[in-house]
Amino acid sequence: MPERIKHPPLDEKKTEPLKAEIYLITDECKGCGYCIEFCPKKVLEESQDINARGVHPPRIVDESKCALCGFCTAVCPDFAIYVAEKSSKEDKKA
Amino acid sequence: MAENKKPEAERKADDIRIGVYVCHCGLNIAGSVDCEEVAKYAQALPYVVLAKDNRYTCSDQGQDIIKNDIKEQKLNRVVVASCSPRLHEPTFRKACEEAGLNKYLFEMANIREQCSWVHLYDRKGATEQAKDLVKMAVAKASRLQPADEIEVPITRKALIIGAGVAGIQAALDLAETGYKVYLVEKEPSIGGMMARIDKTFPTMDCSICILAPKMSDAGHHPNIELLTNSEVSQVKGYIGNFRVKVLKKARYVKKDCSACGECVKVCPIIAPNEFDVGLASRHGIYSPFAQAVPSTYIIDMNLCLNKEGVIVCDKCLKACERQAIDFDMKPETVDLEVGTIIVATGADVFDPSVLPNYGYGKYPNVITSLEFERLINAGGPSGGRLLRPSDLQIPKRVAFIQCVGSRSDRSGKLYCSNVCCMNTIKDALLIKEHWPETEIYVFYVDIRAYGKGFEDLYKRARKEGVVFIRGLPAEIIEDKKTHDLWLVGENTLQQELYKITAGMVILSIGLEPRKDAEAIQRLLTLSRTQDGFFMEAHPKLRPVDAATGGIFFAGCAEAPKDIKDSVTQAGAAAARAGILMAKGKVTVEAITPIYSADKCKACGLCVKVCPYNAISLDKDSKLIHVVEAACGGCGTCAAECPFGALTQSHFTDEQLLAQVDAVTELEPEKKVVAFCCNWCSYAGADFAGVSRMQYPSSARIIRTMCSGRVSPKFVERAFARGAAVVLVAGCHLGDCHYINANYQTQKRVEKLWKKMEQNGMNRERLQLLWASAAEGEKFANKIREIQSIIDKVTPQEIEKGKKVFEKALEGG
Amino acid sequence: MVEQALVHPYAKYLREPMMPHIWCPGCGNGIVLNCFVHALDELQMDLDKIVVVSGIGCIGRTAGYINTDSFHTTHGRALAFATGVKLANPELEVVVVSGDGDLFAIGGNHFIHAARRNIGVKVICANNFTYGMTGGQVGPTTPLESITTTSPYGNIEHPFNLVHLAAASGAVYVARWTNLHVRRLTQSIKKLLQKEGFGFIEVVSACPEIYGRYNKMRSGLEIMEWFKKASVVENFSDPAKAEITREKIPVGEFVDIEKFSFEKLLHEKFSQINERALSKVS
Amino acid sequence: MSLKRALLTGSHFLNGDVACAEGAIAAGCRFFAGYPITPATEIAEHLSQRMPEFGGIYVQMEDEIASMAAIIGASYAGLKAMTATSGPGFSLMQENIGLAVMTEAPCVVVDIMRGGPSTGQPTMPGQQDVMQAKWGSHGDYGIIALSPSSVQEMFDLTIEAFNLAETYRVPTLLMGDEIVGHMWEKVVIPPPEKIRTVNRKKPNVGPDKYMAFRPDDDLVPPMACFGEGYHFHASGLTHDERGFPRTSSSEAQTKLVRRLCEKVSRNADKIKKVEEVMLEDADVGVVAYGIVARAALSAVRKAREKGIKAGLLRPITLWPFPEEQVAEMAERVKAIVVPEMNCGQLVREVERAAKETPVAFLGKLGEDPHTPMEILEAIRGNC
């Protein structure tokens with residue numbers, strides 16, 4: 001098949017994937033690294049800062065890559081991370 | 001059957017009357033072989049009562065000559081030196097039979113594929129080789145025996161590989177006739193190329209509108225079993241009795257899918273849709289297009305977030321009310337038994353990104369004719385509006401460039417792709433129909449409007465004001481700001497340079513063989529023409545039959561053709577397959593074992609090596625029993641028998657040894673005695689010829705059905721008579737046409753190597769080659785490599801070989 | 001990117017004053033808890049009608065963390081207690097969340113009998129192959145040759161195959177997943193909560209600090225890697241063949257059948273007896 | 001399920017176990033979990049037949065540990081719950097009696113005492129579990145134990161046991177013996193309005209304010225039940241007033257354990273019951289309970305016939321022990337005689353209360369309890 005794929009699809013604009021907002025409750029993190037390891041889009045990495053528990057919580061490398069699959073939320077043993085669609089940012093907070 | 005062979009001495013010369021016919025095949029053979037000389041040479045060979053050369057032996061006159069000679073000259077053996085027996089042996093056998101001569105008394109010398117075509121510039125060598133080949137054929141012919149064929153039943157089921165319009169049509173025809181059909185398609189949906197085309201020429205029908213009903217018929221027909229997202233992984237057996245394995249790749253969506261599309265709404269993965277040539281997007285879970293059959297969705301596991309059995313994303317799982325999604329689905333292998341196979345694998349389109357001067361892939365507004373089909377299609381990514389990718393505006397001026405990937409050595413495709421001219425004319429008219437103001441230029445080499453209603457369409461296009469300019473642009477230059485395009489080239493009619501700007505350029509790309517054509521070729525032991533499309537058994541008389549019995553072609557797999565021709569050919573292929581299955585039985589070649597009980601020691605070795613379990617040992621009577629219907633005809637039992645109690649009909653030890661002797665009579669130290677199996681290595685050698693691959697003329701090929709037939713004593717005999725090199729060639733291990741017989745070949749060759757080494761012989765002189773029907777190049781290279789060995793072999797080494805194997809001179 | 005004062009969507013299911021939980025970094029118990037509340041959230045169940053009961057051990061603390069009625073029993077007795085609750089008030093959805101030692105060593109007898117009775121109690125067992133809270137002693141599920149503080153030379157006791165045990169004892173729903181299968185585990189828990197009768201889910205759970213430490217898997221990630229490599233989904237395969245080995249962890253749903261629960265049969269008896277009594281009166 | 005069919009008002013000829021069972025029903029017990037054991041089995045058998053008649057739950061568990069756990073569960077689910085057993089089973093129950101104490105689960109445990117230790121003499125009477133009743137489970141706690149000496153009392157005291165359990169959120173023990181359990185006597189079951197039943201205190205605040213283990217002035221916390229929307233937590237671990245574990249706080253430990261003891265001791269006067277016969281002018285006081293008290297009573301009467309001023313003090317409440325009553329008697333009598341079907345258990349409490357007053361112990365093991373004559377001898381010997 002010809003390498004048309006070099007150009008973006010015409011309907012690119014219409015089919016823009018949802019934007020994600022990732023929330024890190026850093027001080028709840030115990031640093032198991034599951035969210036980092038199992039993120040299919042490799043959105044997270046271990047940060048250098050040390051949290052209240054004395055571990056390196058994750059930090060966000062590129063939020064735009066997040067596919068909103070929510071696995072980090074589901075696999076976190078410490079309820080220290082969750083994701084939401086950008087739009088619904090406000091009501092997710094507080 | 002008992003062998004009634006007489007020792008050489010007892011044969012009276014007048015018993016055997018051989019006629020030899022050397023074919024010029026126009027200039028195909030005569031071009032590099034002196035056919036008259038070969039005929040003269042043949043005349044002098046033992047038992048030969050007449051030898052003739054003529055332009056086309058396969059022509060009716062050519063055949064009539066043979067028939068008359070059989071009657072009037074009382075010929076009881078016939079030798080034709082022409083093309084490959086894989087092509088014309090049936091033709092001549094038929095001729096012999098019509099003249100009342102048992103067809104097993106016919107023998108062929110392949111002086112085209114394996115001689116004239118591969119020594120185009122070595123007339124002398126070619127001619128010498130041709131003589132040897134004829135001599136070998138004659139030697140064998142003098143020992144041929146008449147034989148009767150037994151019949152085996154045909155499985156009344158058909159396998160069709162590829163479910164484009166050709167495959168679908170063939171499937172429907174056979175299913176309607178009442179045969180069970182397995183329709184295998186590697187894509188998730190059937191429909192093939194035609195499903196993506198907007199309108200068909202010359203009638204301007206909506207392509208999918210006329211295809212969709214056929215698709216759903218195929219999907220619902222009680223006699224058709226669809227195997228989509230599947231690929232044929234193995235084919236064993238023979239005409240009427242193929243055993244096929246089909247790999248059904250996991251779809252990850254079960255049949256329960258109601259195609260409601262809820263899953264798509266939640267799938268976070270977005271990727272270009274192959275069906276729209278990347279012009280539109282699809283999701284990780286998707287249905288390729290609205291009319292897809294089956295409508296069951298599919299998950300693209302390369303894109304899905306869930307890998308290695310870990311479900312990270314379960315959005316579709318939750319969205320699916322029918323719970324049809326199953327991430328644990330595993331690929332499964334389906335075993336089929338069919339009597340006939342139709343190859344309808346279609347063609348790929350040429351990828352113009354290899355032509356830098358047209359800037360395809362670089363300039364957004366340079367698109368292919370296939371992309372155009374999607375753009376102009378109302379169901380396509382732009383809703384049928386001809387939007388140019390750079391700014392999504394409708395261009396004021398459009399240019400078509402013809403023969404992109406066709407009829408040009410630069411792109412490596414010398415042939416005409418057959419459909420592009422009319423396709424462009426159709427496309428031009430479509431544009432005019434929607435946006436009459438648009439200026440259209442077509443740059444062409446020749447306009448080929450040969451078909452029914454084609455010329456009218458062409459005329460209409462001209463009338464509508466489409467401008468046809470002879471002479472392809474040398475280059476396309478893009479205006480960086482506007483992304484408009486400049487086409488620069490020479491108008492070869494006016495002999496003047498042109499520089500024309502256009503908002504959009506459509507490359508009218510050609511068709512080329514499927515990337516996986518070689519895989520199919522190996523699976524089914526087919527032949528391909530030089531341009532890589534599958535080769536029919538006869539271009540004129542058997543245009544839809546493959547050389548391998550029970551296999552037929554439909555659609556672009558055989559050559560580029562338009563929808564009408566594909567459908568026509570599909571009908572033909574279905575009819576041909578139907579004829580076989582209607583008969584319900586097929587005669588198997590009389591190439592089964594010949595057993596001489598008196599020599600049998602009931603050791604049971606043959607029982608062990610038979611791939612078909614066709615031989616059983618009766619402990620009490622100390623005799624073996626052969627089930628001929630079950631026998632595949634590889635002859636490995638004959639090669640295995642240490643006591644000469646078994647040999648293979650039509651490939652007897654005597655006949656094969658006679659061929660060896662013939663080769664080694666003169667200057668054996670300059671020759672390689674090559675044993676090639678009919679299905680792979682011999683076909684490979686033919687392919688090398690078809691592809692005109694040039695290699696030294698030292699090879700003398702002896703055809704056996706399977707390399708497993710090559711008994712060590714044949715090899716030993718060759719060395720004992722001073723052959724420089726012996727080559728044993730067979731199918732790749734695992735690809736053996738006779739299940740696993742070639743593993744015996746390997747064992748035997750290794751034994752011989754040991755023996756040679758123990759006796760201080762250079763084992764290089766015995767070569768083992770695994771080459772498929774597709775690997776002509778590999779075969780040619782092997783012969784070149786062997787030539788260098790021949791050149792090194794010293795007279796002393798030759799003598800050594802003679803001594804080591806002198807025992808082999810006895811008997812035969 | 002907001003950093004602080006965030007409220008996790010599941011916070012409402014947890015007892016704020018009890019958080020953070022006591023579990024070690026990478027402990028699978030947190031994932032089990034996460035999946036459980038995830039399931040509750042998706043089912044939108046009436047939290048007033050849920051009673052979470054647990055026994056002794058690390059995972060036993062779950063009862064204290066989930067913001068429903070909850071009870072933390074003596075070692076091994078969770079199921080006996082839960083039986084009383086369910087019989088006394090069949091309206092309640094009684095869930096026992098406990099560990100392999102609690103449920104199958106000291107509580108083994110209660111388990112098989114609860115399953116036999118088909119009492120409508122749902123069991124989620126976090127199997128970490130050891131006694132974590134007491135420092136990692138050998139237990140009823142410790143794999144052969146595993147090192148623990150009381151099998152320093154390698155365990156020579158054959159472990160239970162929990163799904164087989166549950167199936168043989170009569171459970172109407174039996175499944176096994178690992179901490180890695182959070183999605184399927186969550187769906188499985190939803191199914192469990194909607195079944196009538198006695199259901200059982202084994203969650204093969206990561207214990208990096210204790211079991212892992214002694215068995216060459218020092219981090220949760222290493223154990224998860226083992227789960228990933230060894231897990232094979234074999235839905236409705238023979239539970240008898242589902243032993244856990246280093247090489248293979250058969251996971252999936254093993255049993256999903258319908259059977260009248262103990263409480264249902266009991267209340268049917270009541271109505272029969274009533275009718276008899278009434279007919280006597282008239 | 002009207003109480004009418006549950007309550008068999010009228011006169012009956014029953015054995016002690018059955019009377020106990022009927023008492024439980026009369027008290028509003030709607031959950032029984034047990035395990036077969038002589039000589040308590042008849043209680044289970046009878047309830048297995050009776051309970052379903054009015055929607056009460058009977059379940060036979062896999063052992064006494066489970067039975068005890070189950071009734072705590074039932075109690076938290078809002079039912080009045082009971083189990084019944086004998087020595088060996090009583091030992092198994094100690095673990096979860098401790099749990100009932102710690103989680104303050106109202107429930108009744110009937111122990112029809114037989115000859116121990118271990119399997120001992122299943123069909124013989126005994127009073128060997130009296131100290132186990134008080135100290136059987138580990139840790140410090142207060143508990144209530146009653147001692148019936150007639151079949152009628154098996155009925156009456158079972159009701160009393162439930163009322164106490166519900167009032168103080170304490171597992172309450174009915175310490176019968178094989179004879180009282182198996183003896184047949186007339187039992188009068190009063191009409192419902194004549195039967196006093198108590199139900200546990202319910203919270204008077206909403207779920208938001210509710211603290212499962214915050215006591216009122218009587219040291220007893222109001223009790224919410226599962227499914228009522230309070231979302232409370234109870235644990236065998238040391239806990240604070242919210243019920244949340246406080247495993248390393250001495251403050252929490254002191255506060256909780258103290259209360260668990262004082263809840264009973266501070267309310268002892270309201271709990272304690274004794275029967276006093278002819279003690280006013282007595283020189284010799286006999287302290288006896290259970291079946292032995294009946295022999296003692298006739299011994300006291302015979303002594304009076306013989307001119308010996310003897311009297312009887314029968315603790316109906318073994319625990320909390322009626323210390324003041326014994327002490328007050330001790331000041332008046334010259335000597336105290338304590339016949340028990342053991343090697344001397346309750347006598348220790350008597351001695352503690354009696355101070356200087358001499359206490360003679362009359363122990364007996366095996367088939368028959370003391371005869372009146374035996375006790376009379378003892379009285380004679382101590383005047």
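A residue is buried if 20 or more other C-beta atoms lie within 10 Å of its own, exposed if 12 or fewer, and partly exposed in between, with C-beta atoms placed from the backbone. Helices (H or I, at least four residues) and strands (E, at least two) are DSSP runs, numbered from the N terminus. This is a predicted model, in which local features need pLDDT of at least 70 and side-chain atom pairs count only at pLDDT 80 or more, while totals for chains, interfaces and linings use all residues. Residues are numbered from 1 along each chain as its sequence is written, and chains are lettered from A and ligands numbered from 1 in the order in which they are written.

- Strand β4 (residues 121-127) of chain C pairs with β6(C) in the parallel sense over six bridges; two strands pair if DSSP finds at least two bridges between them.
- Within β6(C), E202(C) is the bridge partner of C125(C).
- Strand β5 (residues 173-178) of chain C also runs parallel to β6(C), joined by six bridges, and Y173(C) has G199(C) as its bridge partner in β6(C).
- From β5(C) the chain passes through helix α7 (residues 182-194) of chain C to β6(C), a right-handed β-α-β crossover. A crossover is right-handed if, with the strands pointing away from the viewer, the path from the first strand over the helix to the second runs clockwise.

**Chain B as a whole**

- Chain B has 21 helices and 40 strands.
- Its radius of gyration is 30 Å, close to the 28 Å that the globule rule gives for 812 residues, so chain B is as compact as a globular protein of that length. The radius is taken over C-alpha atoms, and the rule is 2.2 Å times the number of residues to the power 0.38.
- The C-alpha atoms of chain B fill a box of roughly 90 × 70 × 50 Å along the principal axes.
- Of the 812 residues of chain B, 55% count as buried.

**Contacts between chains**

- Among the four pairs of chains that touch, chains C and D have the most contacts; two residues are in contact if their C-beta atoms, placed from the backbone, lie within 7 Å.
- The contact between chains C and D takes 38 residues from chain D and 35 residues from chain C.
- Helix α4 (64-76) of chain D is one of the elements giving two or more residues to the side of chain D that touches chain C, and α4(D) gives the most, with nine residues.
- That side of chain D divides into 24 nonpolar, 10 polar and four charged residues. Ala, Val, Leu, Ile, Met, Phe, Trp, Tyr, Cys and Pro count as nonpolar, Asp, Glu, Lys and Arg as charged, and the others, Gly among them, as polar.
- Strand β2 (residues 69-72) of chain C pairs with β10(D) in the parallel sense over three bridges, and S70(C) stands opposite H233(D) in β10(D).
- Chain A and chain D do not touch, their nearest C-alpha atoms being 19 Å apart.
- Chain B and chain D do not touch either, with nearest C-alpha atoms 30 Å apart.

**Nonpolar cores**

- In the largest nonpolar core, of 268 residues, V85(C), A74(D), V286(D) and A296(D) touch the most other members. Such a core is a set of buried Ala, Val, Leu, Ile, Met, Phe, Trp, Tyr and Cys residues joined through C-beta atoms within 7 Å.
- Helix α7 (residues 151-168) of chain D gives the most to this core, with 10 residues.
- Apart from this core lies another, of 251 residues, among them V79(B), I154(B), A292(B) and A741(B).

**Individual backbone features**

- The peptide bond from W319(D) to P320(D) is cis, with omega near -10°; P320(D) is in the loop between β14 (317-319) and α12 (323-332) of chain D.
- The peptide bond from M19(C) to P20(C) is cis, with omega near -5°.
- F79(A), a residue other than glycine, has a positive phi near 50° and counts as buried, with 23 C-beta neighbours inside 10 Å.
- L392(B), also a residue other than glycine, has a positive phi near 55° but is exposed, with 11 other C-beta atoms within 10 Å.
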